[in-house]
Amino acid sequence: MSPTRHDAFGADAPTEPHPQLRGQAGPAVEPPRRQRRESVAAARLRDHRRRHRLVRRIVAGGFVLLLIPAVWSYSRALAATGSDPTSLRSIEWLKGNGMNGVVNTVEHWYYANNPPPVGGKPKNGLPHAAAVNGSARAHTSGPVAPAHLPPPVNMQPVVSTPLPGEGQWQPTGRAVDGIPAVYTTYFRPDAVHTSLVAAAMWMDTNLLKTTLVPGTLEPGGPNPWGAEVPPTQRAGLVATFNSGFKINDSRGGYYNFGQEIHPLANGVASLVIDTSGRASVGLWGRDFTLGPNIATVRQNLALLIDNGQLEPGLASDSNQKWGATLGNSLYVWRSGVGTDASGALIYVGGPGLSIESLAILLQRAGAVRAMELDINTDWVAAFTYAQNSADPNDVHGVKLLPSMVRPEDHYLTPGERDFFALFAAH
């Protein structure tokens, strides 16, 4: 029976049940105070969740904002003018954006765990130099041609049982006034890695003038030729080869176009070109000083050979003097350039070289002073040139070594790094 109450006339009247209890039976309703506490807790939980979602959105938005400069920088690196493949541009971008140490560590680990093969013979024997092809013409007429330098003397191979033709110089490339201006030779790099082949290129500095061509990125400063040998200059083009390390890793400087673009340092190995185009290798501050007769100076690390003798310390694995990343003893693609007793330039490049074996090969090729140039597969590149037609500007490159990875038009199209080009001097 429902509870009753007395109406105004004293009669009993039914009492209405609480609205929440209509139509149901059970325990009594919870006290209102507890309800209020739970309502407050639920509101706080909802507010906490809203704040958490907001924080997550802010963090995600901030992360995206932080990525925008990196993505923009990387996109610019991939789209920049040059001939480097995407993989190489990506590695160089990482190095330039705080990951240099990581990339160097990975490269060191890779080369240390993937040494060149020991023993054996070259699969296809030694390469053969292409015959002299065409005649290079000076861009402008000059005085009577100077006497050419005497051809190089055959080098003594480092392997005691040489292959046929090993270490023997052969004329190649374009002649100058009918005289060969470049000779090349091929040889094994040492007595252990006898299946590998390295090469040397001898260049007559009486017949050839040298120009440093800046790249789109290295070493900085003016770039009048657009990082290539332009078509208007190819009539006199005879040879090209790679330059040194990136300027910030070279421990030296760079002078060109009348400007000291990066400060020159005394005691650093330097390839110096005078105003007549004659190139030579020596020690800056001793063999050369800056004066009105100096056109270009490209510095890179320390000398490998001085006064015909190997520099002390080449067998150590320190990279204090001859390397920024890999050390001296790892066997990788390396290159170097030197000057012989007659004043000719000698370039050596090839796979499976330590800093010591590179120096020994330069010495055996005749260098009395020599320096290291760039290293690793992608940066070691050298070419002679041959004419395609009667047009002297219509030329194509011929790799010094078939195993060099850069294509034959490498220095005929814009590239990221600087290189040296040699032209008919008259």
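**Salt bridges and the strands they join**

Author: The side chains of aspartate 306 and arginine 286 meet in a salt bridge at 2.8 Å, N to O, and this pair links distant parts of the chain, with aspartate 306 in strand S14 and arginine 286 in the loop between strand S12 (279-283) and strand S13 (294-299), 20 residues apart. This is a predicted model, in which local features need pLDDT of at least 70 and side-chain atom pairs count only at pLDDT 80 or more, while totals for chains, interfaces and linings use all residues. Residues are numbered from 1 along each chain as its sequence is written, and side-chain values use heavy atoms, leaving out hydrogens and water.

Reader: What is a salt bridge, and how many does the count come to?

Author: A salt bridge is a side-chain nitrogen of Lys or Arg within 4 Å of a carboxyl oxygen of Asp or Glu; by this rule the count comes to seven. Strands are DSSP runs of E, at least two residues, numbered from the N terminus.

Reader: Is aspartate 306 buried or exposed?

Author: Buried means under 20% relative accessible area, exposed over 50% and partly exposed in between, with a 1.4 Å probe and protein chains only. Aspartate 306, at 18%, counts as buried, whereas arginine 286, at 44%, is partly exposed.

Reader: Which parts does the pair of arginine 334 and glutamate 372 tie together?

Author: Their side chains meet in a salt bridge at 3.3 Å, N to O; arginine 334 lies in strand S16 and glutamate 372 in strand S18, so the pair ties together parts 38 residues apart in sequence. Arginine 334 is buried at 0%, and glutamate 372 is buried at 0%.

Note on methods
Helices (H or I, at least four residues) and strands (E, at least two) are DSSP runs, numbered from the N terminus.
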